[in-house]
Amino acid sequence: MGIIRIGSLLLRTSIFLALVLLMACATPSGDTYIDQNMDFGAIKTVGVMSFANLTRDTVVSERVRDVFINSLLSTGAVYVLPTGEIARGVARAEVQNPTALSGEEVVKLGGIIKVQAIITGVVREYGEVRSGTTSANIISLSLQMIETQTGKIVWTASTTKGGISILDRLFGGGGQPMNVITEKAVNDLINKLFK
Amino acid sequence: MVFLILSGFVSAEEIGKKDSLESGRKFNIAIYPVENLSATPAPLMEIKQAFVERLKKQGFHVLNEEDLEKFMAKHRIRYIGGIDRGIAKAFKEEIGIDGVLITSLELYSGMNPPKIALISRLVSTGASPFILWIDNVGLAGDDSPGILGLGLIEDPKALVEKAMKSMAGSLISYLSTRTDERIDRDLKSKFQPKIAYKSPALGPDGKYVVAVLPFLNRSERKYAGEILVLHFIRQLKRFNHFDIIDPGILRQELLGLRVIMEDGVSLANADAIFAILDADIIVSGRVMDYQDHQGIWGKPKVDFSTVLIERKSRQVVWGSNSYNEGDDGVFFFDRGRVNTAHAMASQMVQWIGEKILRDPKRVEGAKGSRGQVK
């Protein structure tokens with residue numbers, strides 16, 4: 001009887017320890033940060049800066065930025081300034097690197113182009129990935145929103161879409177077209193913004 | 001009695017036609033050398049000559065080559081993609097020309113199957129020139145192969161001939177009747193913009209003066225920005241709601257204003273353009289891909305974004321992304337395949353016009369959004 005009790009106690013302890021270990025391995029949930037003190041309803045107009053491009057294709061950042069701007073406009077929730085106006089503001093504010101703005105630069109730029117927030121981004125991956133004989137398109141993108149009054153980051157999110165799935169490995173097919181997964185990635189980020 | 005009345009109507013109609021034909025024949029035309037936007041060697045002289053011959057055959061008065069060269073040398077005309085106000089006035093006052101025919105060759109490939117694409121427009125002369133007529137044609141030798149390939153066109157000259165027959169026919173028809181062909185009802189839904197935003201400020205009842213700025217060209221195709229401008233002019237002209245400013249006048253004013261657009265049009269630039277041209281809407285954008293293929297293998301690809309800025313609100317009233325490939329929606333035996341970027345771009349741009357004018361306020365975009373303009 002006593003042996004059975006000891007065995008049951010050991011089993012329970014080991015299950016508990018396994019759970020604790022599993023929880024320790026887990027990363028913090030989600031890839032989104034939202035400033036809880038920020039009133040997002042106050043943001044009526046935003047400027048979308050040129051995205052930083054970590055890929056080999058030179059026009060990728062413009063391509064993704066265009067898709068993002070039109071998708072964001074089409075939500076009807078915020079107005080997005082035309083890219084030419086952003087370029088004029090960047091020149092007037094003498095911003096050194098439009099893809100990575102300092103807090104002071106954001107405040108200065110916001111005053112010139114009259115926006116409540118500025119969105120910057122990084123295209124980390126864009127194009128074809130290969131694994132063995134299988135290939136597919138992939139996009140990986142991170143965005144952040146900076147408030148122009150304080151220069152503080154109020155929202156960040158990232159997403160990855162496309163890539164090689166099990167079905168691709170089994171049957172081939174090459175994944176989805178680049179434009180389609182770009183739209184999916186952008187929609188995912190916008191959903192995270194309006195969550 | 002009824003027969004007599006009916007025959008009276010027919011003869012009246014015929015007389016009307018004859019009159020308009022006669023007035024059309026009195027129309028003096030100068031034909032500019034063909035602007036080559038294909039970035040490849042092409043039979044430019046032959047294309048121009050085809051227009052001259054067909055118009056002369058129909059009895060229209062075409063300014064001879066020698067006089068045109070003299071006039072161009074006198075006014076130091078080097079740009080043949082459009083005419084500015086000064087040149088238009090000089091054409092009218094000095095040599096009595098009523099219209100200038102400007103042709104831009106978008107694509108020419110002599111490789112089998114041959115391909116040709118061109119856009120021509122007739123611009124009026126005088127103090128305030130405007131576009132009277134514009135038409136386009138884009139053909140590939142394998143557009144309609146037919147049974148056992150009997151419909152294939154392998155000779156580039158035959159394809160040029162076919163294209164010129166269509167263009168000259170359209171111009172002669174315009175000059176004779178002074179009516180322009182309108183909306184193409186055979187629009188394929190696959191060419192709709194994939195993402196689009198439309199402001200409620202753009203109503204279906206409005207009449208707009210439109211300036212189409214050169215699109216920023218991020219594609220590998222030379223002159224893709226200029227080509228897309230011509231497509232926008234051609235397709236928006238189909239609708240009664242748009243008065244398009246000729247790119248020749250726009251170019252002159254942009255040079256005068258010393259406008260440099262590195263990353264699109266700024267509001268300061270837009271204000272200056274609105275004021276100087278009295279335009280209501282500026283169309284601009286970015287071309288990401290404009291690919292044609294040579295030979296049998298490959299497929300055309302067009303990818304561009306469009307932005308419309310409105311004068312009163314100083315805001316973006318339309319933004320869209322359009323992209324298509326020649327084999328989109330093609331599953332069996334190449335049925336529905338498009339062989340030239342020109343043919344795709346025409347439909348893609350016409351869809352934008354359709355959406356701007358005919359679509360209600362509904363917009364398409366992020367799936368999580370309301371999809372409705374506030």
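Modeller: With handedness: a crossing is left-handed if the near helix is turned anticlockwise from the far one by less than a right angle, and right-handed if clockwise. Here α2(B) passes α5(B) in a right-handed crossing. This is a predicted model, in which local features need pLDDT of at least 70, side-chain atom pairs count only at pLDDT 80 or more, and totals for chains, interfaces and linings use all residues. Residues are numbered from 1 along each chain as its sequence is written, while chains are lettered from A and ligands numbered from 1 in the order in which they are written.

Biologist: At what angle do α2 and α5 of chain B pack?

Modeller: Axes are lines fitted to C-alpha atoms, for helices over the stretch in contact, and angles run from 0 to 180 degrees between N-to-C directions. Helix α2 (residues 44-57) and helix α5 (residues 156-177) of chain B pack at about 45 degrees, their axes 10 Å apart. α2(B) is therefore oblique to α5(B); angles under 35 degrees count as roughly parallel, over 145 as roughly antiparallel, 65 to 115 as roughly perpendicular and the rest as oblique.

Biologist: How many residues of chain B are in contact with chain A?

Modeller: Two residues are in contact if their C-beta atoms, placed from the backbone, lie within 7 Å. On that basis, 36 residues of chain B contact 26 residues of chain A. β13(B) gives the most to the side of chain B that touches chain A, with five residues.

Methods
Helix = DSSP H or I, 4+ residues; strand = E, 2+ residues; numbered from the N terminus.
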